[in-house]
Amino acid sequence: MAAVLDSVRAFFAPSVFTIDAENPSDVVARENLLDRAMGPDRRKKSSEKIRRGRIPAEGLALVARDRDGHVIGTVRLWNIEAGINTDGTPINALLLGPLAVDPTFEGKGVGSALMRAAVLEAKNRGHGAIVLVGDAAYYERFGFFAEKACHLVMPGPFERSRFLALELTEGWLDGAAGMIVPSGRMLTSAPVRKAA
């Protein structure tokens with residue numbers, strides 16, 4: 001009941017944030033927000049192993065900004081292969097995460113707005129499915145369920161009940177089985193110059 005009331009309050013509350021594409025000047029604020037919201041062990045998670053050294057999927061790194069333009073929320077999606085289908089063909093999909101909201105803005109609909117924007121943008125860009133590791137009670141409202149990910153596995157430890165999927169195209173994950181592996185663009189680093 002409390003979640004319903006929070007949703008109603010957020011719906012009728014004056015907008016205190018906007019959703020925007022992440023830009024390079026947001027990196028420090030995003031990382032600080034993730035450290036505060038997710039704690040010091042966030043880089044040890046299985047999802048992080050998939051994201052490490054990669055760039056988010058094109059157009060799918062979003063932030064929420066307060067009225068002053070400060071980053072108060074973040075969500076990013078990453079290109080992956082979600083196992084293979086019954087023909088042995090890799091299934092292209094997205095991995096969502098992390099989703100985080102500044103604790104002072106919790107309960108104001110920021111996380112829900114970021115999720116809806118991310119899912120819509122992924123669909124508009126022609127992606128077929130999104131997987132994530134998260135709280136089923138929260139993500140089911142956006143259409144994420146464990147059934148579609150039941151034959152997929154993450155590298156490293158993960159809680160099966162928290163491994164969820166959403167099909168953006170019906171049947172996209174039918175027969176999907178196997179390991180989630182990264183498939184997105186790699187980060188490139190500037191060449192290191194030797195001192196003269």
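How many helices and strands does the chain have? I looked this up first. The chain has 5 helices and 9 strands. I am working from a predicted model.

**Overall layout**

I read the elements along the sequence. Their pattern is α-β-α-α-β-β-β-β-α-β-α-β-β-β. Next I looked up burial. The chain has 196 residues, and 40% of them are buried. For the surface, I noted an accessible area of about 11,000 Å². Carbon and sulfur atoms hold 56% of that surface. Then I turned to contacts. Among those with a separation of 6 or more, 69% join residues 24 or more positions apart.

**Helix 4**

I picked helix 4, which covers residues 110-124. It counts 15 residues and spans 21 Å from first C-alpha to last, close to the expected 21 Å. Which of its residues are buried? I listed V110, G111, S112, L114, M115, A118, V119 and A122. I kept a general point beside that list. In an α-helix, residues three or four places apart point the same way, because a turn takes 3.6 residues. After helix 4 comes G126, and its phi is positive, near 85 degrees.

**Aromatic rings**

I found 4 aromatic pairs in the structure. I checked Y139 and F144. Their ring centres lie 6.2 Å apart and their planes meet at 75 degrees, so I logged the pair as edge-to-face. Are these two residues buried or exposed? Y139 has 10% relative accessibility, so it counts as buried, the cut-off being under 20%. F144 is buried too, at 0%. Last, I noted one aromatic cluster, formed by Y138, Y139, F142 and F144.

Technical notes
Residues are numbered from 1 along each chain as its sequence is written. This is a predicted model: local features need pLDDT of at least 70, side-chain atom pairs count only at pLDDT 80 or more; totals for chains, interfaces and linings use all residues. Side-chain values use heavy atoms; hydrogens and water are left out. Helices (H or I, at least four residues) and strands (E, at least two) are DSSP runs, numbered from the N terminus. Buried means under 20% relative accessible area, exposed over 50%, partly exposed in between (1.4 Å probe, protein chains only). Contact means heavy atoms within 4.5 Å. Accessible areas come from the Shrake-Rupley method with a 1.4 Å probe; for residues, only the protein chains shown count as cover. The expected span of a helix is 1.5 Å times one less than its number of residues. Rings of Phe, Tyr and Trp (its six-membered ring) pair if their centres lie within 6.5 Å; planes under 30 degrees apart count as stacked, over 60 as edge-to-face and the rest as tilted.
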